[in-house]
There are 2 protein chains.
Amino acid sequence: MTRALVAQGGGPTAVINQSLAGVVLEARRFSTIESVYGACHGVRGIALEDLVDLGQETAQQLELVAATPGSALGSTRDKPDVKYCQDILRVLQAHEIGYFFYIGGNDTADTLRILSQEARKAAYPLACIHVPKTVDNDLMCNDHTPGFPSAARFVVQAFAGANLDNAALLGVYVAVVMGRHAGFLTAASAMARKYPDDGPHLIYLPERVFALEKFLTDVKATCERFGRCVVAVSEGIHDSSGVEIVTQLAKSVERDAHHNVQLSGGALADLLCEEIKSNLKIKRVRGETLGYLQRSFLGCVSDVDQREAREVGEKAVQYAMRGAQDGSVAIKRTGSYAASYELTALTNVTGKTRTMSDAFISADGTDITDAFRLYLLPLLGSGTPEAHRLRSNSVEKILKKS
Amino acid sequence: MTRALVAQGGGPTAVINQSLAGVVLEARRFSTIESVYGACHGVRGIALEDLVDLGQETAQQLELVAATPGSALGSTRDKPDVKYCQDILRVLQAHEIGYFFYIGGNDTADTLRILSQEARKAAYPLACIHVPKTVDNDLMCNDHTPGFPSAARFVVQAFAGANLDNAALLGVYVAVVMGRHAGFLTAASAMARKYPDDGPHLIYLPERVFALEKFLTDVKATCERFGRCVVAVSEGIHDSSGVEIVTQLAKSVERDAHHNVQLSGGALADLLCEEIKSNLKIKRVRGETLGYLQRSFLGCVSDVDQREAREVGEKAVQYAMRGAQDGSVAIKRTGSYAASYELTALTNVTGKTRTMSDAFISADGTDITDAFRLYLLPLLGSGTPEAHRLRSNSVEKILKKS
């Protein structure tokens, strides 16, 4: 008899609690698991022995929590080193934890890699299973990652609405999208288009070099063609030497514990708008940052994402119960469209990030391809709202003043 | 036999096309109305004779457009003077328009006031009916205005999600909400709270003077109490002399044609976050601006708002057909909760804005009252998503390190 522990790391998503529910409900099926604990705020909660007994949750409540965005156990940005993992291991041993399921991105997988090593060194039997999660969709070995489809759906609904707003009042609209070095979430904005002249008309991905002069030329040409311009910009756009555009433009830059540049805040959108206003002399230029709503908004979720996030949690438990010592659950695509799962080595997903393939990006670098449309469409789920237009005929002019 | 014309002015909303459909479908019922035209981009489209024949729309398509956010006819920020209204009048006369329905806020109503005057001077029979619309909820004589309930619902769902995100990763979160000089939309954020420690913990309204020192003290106290802090801030907050906080903090300020300070962009959120970081030494401080999504997001709407926005359009036509020369359709509240409509004089809604009454604001000035909760709750509509939490019991500590 042993115990299972589950924790959540990194940025919350709309479906990370589905994975939590998947782990807990699946682990309850196995009589060899005495109880299922949860760690508050990820590894930090383990180090502080801040644990909860999830066996006292009702299945009813777990289902309600599963449908709620955010990380119900709390999360952390801590990235443990060997010493930190040894501290954690002592807590796991004291509480007779034999299975540890950690839901998160590649930093989370790396924590499990170190912890699994230390457990072996200490000859302590511990299964360390990584459950994938990231809105950035940048995990290696995965067709896509839970959290991304729901965030992509938010981006689609946001741009579909922003396009209508811009069509009504004209001018230029620039919105900055999450995703760091991966353009998937920004590229998803293209799915907001329905009619041929719908925005976003320009999409700037971190997979391509961003040049301010080219950007201004693109915006000008789009305004001349459509009388307006909707632009999707990744927070991670950078120049040819890899320097992020926001760091060039912003006064001060905050770095978090992982030494990643802090990309949130409204600086990038505002500064790009300033450039458009001052260089192109366009009066109505509006910029905004879609921000935390992309991953947290209550009431925008892909049902496909919900289902898969639940399944990666369930599969994690199944792999552990079948004897896996460590590994990461990966989502594969079969046909069009079904998902299958496999366990891959932790080292296959740690330390690297996946970006968009060239096949997904148009030749001019400011749009996506049909290959990306076919990739994303089934992930967005059912019931995506649709925009409709008037199709009225013009009334013949009588005064002919214009 | 005469024609009816409908137009949309000012910022789009999630339900302004419901009012459009209400006018068009209701006008079709009357055999004395030969046809229903629409003006592209509000009064600007009239001046340019840029009109469409809405009689060629199917009812099916009008229903789909009604459910779509944005201003389907296009909108304008033009605020016509007497000369501009005389130009418009010539176009209306040329096209034998006898009824003009203009959907918008108080600037839109003022255009109708001038136009109605000029029509009388010219002895041209023209009914000028204002159909109310504004997410700011700041129209006089109205219990509330179409567009506000859906925008409020977006704000509620945004803060409910942001609160969960903040609870997972802790720190301070500041989001700036629309509304200019009226705090209704910012105050709506309070409805995101479910559990006693849920955010927003602090709400700053333009109906109260904003003092930076008090703000910092409030944030510090909240962090000490809850270990985190979620703040809702109106874009229109100002100091004791009426100077808007964003203008104090931002480098440059753009003014639009109405001589209102341009409050969009991420400046206010970013600058407040800077103050918190530098004065309170809190590491994780995140700010964002909910921005245009509040009025444009595709897929977040109050069904009560949809219904009422449709009805104000229908009622506008009915008042005109019963002989009204001019006026503004106003929403009244009866019981809890039903809406009724009446026609009020244009001058009752022009040139002034409504703000939150003292009964809606808590004594300390950073929260709302139960009176406001009762006011807003029925407007948010059915099916608002709800957040749920784990209720797990703590596991007893063994190592007792902390």
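Mentor: Contact here means heavy atoms within 4.5 Å. The model is a predicted one. With that cut-off, and leaving aside neighbours within four places in sequence, Phe159(A) is in contact with Tyr173(A), Ala175(A), Val177(A), Ser189(A), Ala192(A), Pro200(A), Val230(A), Val231(A), Ala232(A) and Leu290(A). Phe159(A) is also among the residues with the most contacts inside the largest nonpolar core, together with Leu376(A), Phe159(B) and Leu376(B). That core has 84 residues.

The sheet comes next. Eight strands form an open sheet with mixed pairing, in the order E12(A)-E3(B)-E2(B)-E1(B)-E4(B)-E5(B)-E10(B)-E11(B). Strand E12 (393-394) of chain A and strand E11 (338-344) of chain B are its edges; each has a single partner strand, so one side of each is left without a neighbour in the sheet. Within the sheet, E4(B), residues 97-104, pairs with E5(B), residues 127-132, in the parallel sense over six bridges. Phe101(B) stands opposite Ile129(B) of E5(B). Helix H1 of chain B, residues 16-27, lies across E1, E2, E4 and E5 of chain B, and runs at about 175° to E1(B).

The helix you asked about is H8 of chain B. H8(B) covers residues 212-226, 15 residues in all, and reaches 21 Å from its first C-alpha to its last, close to the 21 Å expected at 1.5 Å a residue. Its buried residues are Phe215(B), Leu216(B), Asp218(B), Val219(B), Thr222(B) and Cys223(B). Viewed down the axis of H8(B), the buried residues fall within an arc of 160°, so they line one face of the helix. That buried set packs against strands E6 (171-177), E7 (202-204) and E8 (228-234) and against helix H10 (267-280), which belong to chain B. On the other side of H8(B), Glu213(B), Thr217(B), Glu224(B) and Arg225(B) are exposed. Gly227(B) follows H8(B), with a positive phi near 75°.

Beyond its neighbours within four places in sequence, Ser116(A) is in contact with Cys128(A), Gln325(A) and Asp326(A).

Technical notes: Residues are numbered from 1 along each chain as its sequence is written. Chains are lettered from A and ligands numbered from 1 in the order in which they are written. This is a predicted model: local features need pLDDT of at least 70, side-chain atom pairs count only at pLDDT 80 or more; totals for chains, interfaces and linings use all residues. Side-chain values use heavy atoms; hydrogens and water are left out. A nonpolar core is a set of buried Ala, Val, Leu, Ile, Met, Phe, Trp, Tyr and Cys residues joined through side-chain atoms within 4.5 Å. Buried means under 20% relative accessible area, exposed over 50%, partly exposed in between (1.4 Å probe, protein chains only). Two strands pair if DSSP finds at least two bridges between them. Helices (H or I, at least four residues) and strands (E, at least two) are DSSP runs, numbered from the N terminus. Axes are lines fitted to C-alpha atoms, for helices over the stretch in contact, and angles run from 0 to 180 degrees between N-to-C directions. The expected span of a helix is 1.5 Å times one less than its number of residues. The arc is that of the directions from the helix axis to the C-beta atoms.
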